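Please open the structure in your viewer and keep the selection tool at hand. The tour below goes from stop to stop, saying what to select and what is there.

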Amino acid sequence: MQTHRPQQIRISWPAGHLTATLDDTPTTQALAKALPLASTARTWGEEVYFDTGVTVPRETNARQVVDPGTVAFWTDGDALALPYGPTPISRGDECRLASPCNVLGRLDGDPRVLATVRDGDPVRVELVDA
């Protein structure tokens, strides 16, 4: 029997990079099959998101308000969403996503590094070999 271990991905952009540890979910599995991928960063308040070309259904535990550093998948836009602070629809300092998103895992390290991503930056996502 195969045991699934958490998967780690690396997200890089011109000014930096982060790794993230993802839980074993149907969305994580679909995303892993599509890696490596290159995309274009978009920013929305203190959130970075980018198209993945992966289409998955919204999972039952999808959430709209998440902690900073959550790795979320925005099913409405086939995009990875990486919030690190308030968005234009947040109440107070919460991270409120545009709509409920599938939660995949967490960024390793300080999510505020994402503040160095500029709208339009090239982004690359790849699996980290264990």
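Before selecting anything, note that this is a predicted model, in which local features need pLDDT of at least 70 and side-chain atom pairs count only at pLDDT 80 or more, while totals for chains, interfaces and linings use all residues. Residues are numbered from 1 along each chain as its sequence is written, and side-chain values use heavy atoms, with hydrogens and water left out.

**The nonpolar core**

Begin by selecting I11, L31, F50, V71, L107, L114 and V125, which have the most contacts inside the largest nonpolar core, a set of 25 residues. A nonpolar core here is a set of buried Ala, Val, Leu, Ile, Met, Phe, Trp, Tyr and Cys residues joined through side-chain atoms within 4.5 Å, where buried means under 20% relative accessible area, exposed over 50% and partly exposed in between (1.4 Å probe, protein chains only). Two or more residues come from each of β1, β2 (16–22), β5, β7, β8 (79–83), β9 (95–108) and β10 (122–127); strands are DSSP runs (E, at least two residues), numbered from the N terminus. Apart from this core lies another, of seven residues, including A81, L97, C101 and V103.

**The aromatic pair**

Which residues form the one aromatic pair found in the whole structure? Select Y49 and W74, whose rings are edge-to-face, at 5.9 Å centre to centre and with 80 degrees between the planes. Rings of Phe, Tyr and Trp (its six-membered ring) pair if their centres lie within 6.5 Å, and planes under 30 degrees apart count as stacked, over 60 as edge-to-face and the rest as tilted. Because Y49 lies in strand β5 (residues 47–51) and W74 in strand β7 (residues 70–74), the pair ties together parts that are 25 residues apart in sequence. Y49 is partly exposed at 23% relative accessibility, and W74 is partly exposed with a relative accessible area of 23%.

**Two cysteines**

Next, select C95 and C101. The search of the whole structure finds zero disulfides, a disulfide being a pair of cysteine sulfur atoms within 2.5 Å. The sulfur of C101 is 12 Å from the closest cysteine sulfur, in C95, which is too far for a bond. Are these cysteines buried or exposed? C95 is buried at 1% relative accessible area, and C101 is buried at 0%.

**The segment before β1**

Finally, select P6, in the segment before β1 (7–13). Leaving aside neighbours within four places in sequence, P6 is in contact with T21 and L22.

Notes:
Helices (H or I, at least four residues) and strands (E, at least two) are DSSP runs, numbered from the N terminus. Contact means heavy atoms within 4.5 Å.
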